[in-house]
Amino acid sequence: MRTQVGIVGAGPSGLLLSHLLHLRGIESVVVEIRSRRYCETRIRAGVLEQGTVDLLSASGVGARMAREGLVHHGIVLRFGGRDHRIDLSGLTGGRTITVYGQHEVVKDLIAARLNAGGDLFFEVQDVEVLDVDTPAPRIRFGRAGTAEELRCDFIAGCDGFHGVCRPAVPPGVLTAYEHAFPLAWLGILAQVPPASEELIYSSHDRGFALLSMRSPELSRLYLQCAPDEDMNGWPDKRIWDELRRRFERDDAWTLRDGPVLQKGITAMRSFVVAPMQYERLFLVGDAAHIVPPTGAKGLNLAAADVMVLTRALEAFYATGRTDRLARYSEVCLRRVWKVQRFSWWMTSMLHRSNDGEFFDRLHRAELDYITGSRAASTALAENYVGLPFDDD
Ligand code: FAD
Ligand code: DHB
């Protein structure tokens with residue numbers, strides 16, 4: 001088989017890249033180790049920046065999101081028993097965020113690619129990327145028991161943090177920058193209407209908690225826990241009791257519980273690899289970087305990488321220009337580090353740390369400052385709704 005861009009991974013990065021390339025007349029093939037059903041039901045991120053929403057809408061995959069996505073104009077920071085609203089729209093000239101599950105974005109992108117006759121191969125095995133330092137890189141994989149080989153001009157490594165593309169780069173080329181937080185989130189999806197119209201980020205002495213949602217009937221809630229927390233120690237009743245304590249407010253605000261449909265623990269880390277390119281292999285999204293989830297940035301950052309790579313490939317196929325491809329990593333990393341900073345800052349400010357009372361008091365003072373100063377609230381808001389795309 002032969003294509004122009006071989007894409008490893010059918011997560012948001014790989015699917016969006018394939019879709020945007022198709023709109024520009026560039027062929028691609030996507031290979032994915034998991035099943036289509038698995039990709040379409042994996043519960044992950046839920047907050048889309050305005051720029052991500054605009055990108056999906058402008059590229060023709062925004063119709064269902066426009067109907068079902070929940071547009072939010074603000075978020076709530078809860079601490080000291082009180083709510084402090086950050087008026088995202090008021091502070092950013094009208095920008096908003098949209099709550100729409102990552103798996104819904106994935107469903108919409110898969111449908112768009114299949115409707116356009118795109119090649120998406122699910123449930124492949126033993127994926128290998130080869131010859132990326134030559135003009136004819138290859139992806140080798142097994143499909144229904146047969147060995148296949150895909151010859152390409154370029155390979156996009158969209159295979160997430162645990163994929164095969166990043167390790168395929170020879171030793172010594174990439175530098176990894178990493179920070180493991182001594183924290184994790186226990187997340188649940190529950191069949192109960194969200195207790196608040198807007199997201200609530202609650203900083204409590206017992207630890208951080210987050211209230212989000214997926215629809216008017218489904219709540220998504222998270223609790224700070226230890227990275228080695230055992231899920232068996234968290235029957236549903238304990239989760240709801242703990243959530244209620246961490247969301248307590250001076251008045252009678254309460255959280256209603258309901259059936260827990262799904263639960264899981266996510267460790268928190270910051271990770272960046274540089275450069276995000278080696279010869280004809282480009283690393284995109286989680287394959288190149290991970291952010292702790294507190295700022296809701298992982299998926300949005302992946303979309304930003306995809307945009308930069310799409311424009312670079314478009315310039316290459318239109319005119320043979322390689323300068324944009326050569327600058328892919330540099331352009332992406334500028335945004336990546338700003339988003340790392342924001343995610344790290346939100347994480348440290350909102351979680352109970354193990355660093356001692358001194359730091360907890362600093363974080364409380366920071367929350368007080370952020371919510372009391374228009375300048376500081378604006379800094380939070382403009383990062384939360386998403387920094388502008390700047391790809392030159
Ligand atoms: P992924 O979504 O990881 O997609 C990679 C794809 O590649 C997967 O489908 C995988 O099966 C496939 N793959 C892997 N190895 C191979 C291989 N060898 N060959 C072929 N295919 C392969 N972000 C937020 O903003 N908020 C959240 O609440 C949030 N929660 C998260 C919870 C979890 C458990 C995780 C892991 C991430 C979460 N994130 C969250 C981050 C966000 O989901 C990611 O940033 C986003 O999924 C990145 O998209 P991606 O396409 O780059 O990578
Ligand atoms: C969600 C996840 C986040 O990491 C976040 O900061 C806000 C919302 C969510 O899954 O809905």
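Me: How far is an oxygen atom of ligand 1 from a polar backbone atom of Pro12?

Reply: The oxygen of ligand 1 and the backbone atom of Pro12 form a polar contact (a pair of N or O atoms within 3.5 Å; within protein, one must be able to donate a hydrogen and the other to accept it, and residues adjacent in sequence count only if both atoms are side-chain atoms). This is a predicted model: local features need pLDDT of at least 70, side-chain atom pairs count only at pLDDT 80 or more, and totals for chains, interfaces and linings use all residues. Residues are numbered from 1 along each chain as its sequence is written, chains are lettered from A and ligands numbered from 1 in the order in which they are written, and side-chain values use heavy atoms, without hydrogens and water. The distance for Pro12 is 3.2 Å.

Me: What share of its exposed area does ligand 1 lose to the protein?

Reply: Areas here are accessible areas (Shrake-Rupley method, 1.4 Å probe; for residues, only the protein chains shown count as cover). Taken alone, ligand 1 exposes 990 Å². The protein buries 85%.

Me: Which elements give two or more residues to the shell around ligand 1?

Reply: Elements are DSSP runs numbered from the N terminus (helices: H or I, at least four residues; strands: E, at least two). Two or more shell residues come from helix H1 (12–23) and helix H8 (298–319).

Me: How are H8 and H10 oriented to each other?

Reply: H10 covers residues 328–350. The axes (lines fitted to C-alpha atoms over the stretch in contact) of H8 and H10 come within 10 Å. They cross at roughly 160° (the scale runs from 0 to 180 degrees between N-to-C directions). Angles over 145 degrees count as roughly antiparallel, so H8 and H10 are roughly antiparallel.

Me: How much of ligand 2 does the protein bury?

Reply: Taken alone, ligand 2 exposes 300 Å². The protein buries 96%.

Me: Which strand gives the largest share of the shell around ligand 2?

Reply: Strands S15 (207–215) and S16 (218–225) each supply at least two residues of this shell. The largest share is three residues, and these come from S15.

Terms used
Parallel < 35°, antiparallel > 145°, perpendicular 65-115°, else oblique.
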